[in-house]
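Hi,

Here is the structure I promised to pass on to you. Have a look at it first, and then read on for my notes.

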Amino acid sequence: MKEKLSGARFRWLNEQLYTTPGKHSFSLFQEKPELFDEYHEGFRHQVESWPVNPVDVIISQLKKLPKDTVIADLGCGDAMIAQTLTKQKVLSFDLIAKNDLVTACDITKLPLEANSVDVAVFSLSLMGTNYLDFLKEAHRVLKVGGELKIAEVVSRFSDLDSFISLLEGLGFDFMDKEDDNKMFVMLYFTKQPNYDEEIDSEMLAGLSKTQIRSLKKGAGINNSKTKLQKKAQQLLKPCLYKKR
């Protein structure tokens with residue numbers, strides 16, 4: 001009975017993370033920090049059945065980077081990347097500070113300067129209905145040419161190519177993907193240089209920088225922020241676990 005209750009609690013928390021804005025989850029865990037532990041205990045139980053944990057794949061890649069490389073681990077959990085790497089500088093962020101390595105914050109508002117990070121990582125952490133805002137914030141803090149690494153559950157993608165195009169519209173260059181794992185997909189991007197202002201200034205009036213980039217990329221995303229968020233939610237569905 002205790003195990004069933006724990007499983008139900010995890011499923012409820014997981015649904016909250018995926019179907020509400022990030023600021024809602026931040027407030028929830030700030031008010032009840034014990035829920036964060038309950039969620040990650042359930043998550044670890046889920047990942048135990050996977051042949052490979054994506055964070056281990058990412059760590060093996062990051063180990064090869066030069067000394068003093070600045071890495072932002074966004075949605076870090078217990079900060080396994082920071083605990084493992086010794087040469088690089090790892091900045092770990094999540095809704096709750098599980099240990100001294102983690103800074104608690106809303107990922108849409110990172111306490112980092114623009115163009116200050118070499119690598120940004122989202123390992124199974126693009127949660128929330130406004131996950132595009134997380135990606136925009138990652139773009140802000142990355143240096144030009146800096147790398148974005150994303151690991152996500154295969155079943156979340158309704159159209160992987162369109163998801164990649166969406167990120168290109170946000171100002172990222174697609175570099176590579178690894179989709180041979182049955183559980184998760186690895187995606188690799190770099191931050192593009194700033195665009196030159198080539199479109200008529202009257203046409204740009206009232207548009208966000210993201211919408212301007214999208215127009216220049218030809219992605220056709222020139223609608224409201226609400227429509228863009230809706231499209232994003234269709235391309236990357238919530239990862240909801242069924243009752244077992």
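Predicted model: local features only at pLDDT ≥ 70, side-chain atom pairs only at ≥ 80, totals over all residues.

The protein has 244 residues, and 48% of them count as buried. There are 10 helices and 7 strands. Among contacts with a separation of 6 or more, 63% are between residues 24 or more positions apart. The accessible surface is about 12,700 Å², with 49% of that belonging to carbon and sulfur atoms.

**The largest pocket**

The volume of the largest pocket is about 680 Å³. Its lining is made up of 35 residues, and those nearest the pocket centre are H40, F43, G75, C76 and G77. Sorted by class, the lining contains 18 nonpolar, 9 polar and 8 charged residues.

Which elements supply at least two residues each of that lining? They are α2 (22–31), α3 (34–47), α4 (54–62), β1 (70–74) and α5 (80–84). The largest share comes from α3, with 6 residues.

C76 sits in the loop between β1 and α5. Is C76 buried or exposed? Its relative accessibility is 9%, so C76 counts as buried, the limit being under 20%. Leaving out residues up to four places away in sequence, C76 touches S92, F93, D94 and V102. C76 and A97 are 21 residues apart in sequence, and their C-alpha atoms are 9.5 Å apart in space.

A79 is found in that loop between β1 and α5 too. The phi angle of A79 is near 65 degrees, which is a positive value in a residue other than glycine. A79 is buried, at 0% relative accessibility.

Helix α4, one of the elements that supply the lining, is mostly covered, with 7 of its 9 residues buried. Those buried residues are P54, V55, V57, I58, I59, Q61 and L62. What covers them includes the helix α5 and the strands β1, β4, β5 (142–153), β6 (172–178) and β7.

Helix α2 also supplies residues to the lining, and S25 has its place in this helix. With a relative accessible area of 3%, S25 is buried. Apart from its neighbours within four places in sequence, S25 is in contact with Q16, L17, T20 and L95.

**Aromatic residues**

The count of aromatic pairs comes to 6. W50 and F184 form one that is stacked, with 6.2 Å from centre to centre and 20 degrees between the planes. This pair links distant parts of the chain, as W50 is in the loop between α3 and α4 while F184 is in strand β7 (residues 184–191), 134 residues away. Both W50 and F184 are buried.

There is also an aromatic cluster, formed by Y131, F157 and F163. F163 belongs to helix α7 (residues 160–169). How accessible is F163, and what does it touch? F163 has a relative accessibility of 0%, so it counts as buried. Not counting residues up to four places away in sequence, F163 touches L126, Y131, F157, L187, L235 and L236. Two of these, Y131 and F157, are the other members of the cluster. The C-alpha atoms of F163 and A232 are separated by 7.6 Å, and the two residues are 69 residues apart along the chain.

**One more backbone angle**

Another positive phi in a residue other than glycine belongs to L124, where the value is near 55 degrees. L124 lies in the loop between β4 (117–123) and α6 (131–141). L124 is buried as well, with a relative accessible area of 7%.

Best wishes

Methods
Residues numbered from 1 in each chain as written. Heavy atoms only, no water. 1 Å grid on protein atoms, 1.4 Å probe; cavity = no way out; pocket = protein on both sides within 12 Å on 5 of 7 lines; lining within 4 Å. Points joined across faces, edges and corners; volume = space filled by probe spheres on them. Helix = DSSP H or I, 4+ residues; strand = E, 2+ residues; numbered from the N terminus. Nonpolar A, V, L, I, M, F, W, Y, C, P; charged D, E, K, R; others polar. Buried < 20%, exposed > 50% of the residue type's maximum accessible area, 1.4 Å probe, protein only. Contact = heavy atoms within 4.5 Å. Areas by Shrake-Rupley, 256 points an atom, 1.4 Å probe, with all protein chains shown as cover. Phe/Tyr/Trp six-rings, centres within 6.5 Å; stacked < 30°, edge-to-face > 60°.
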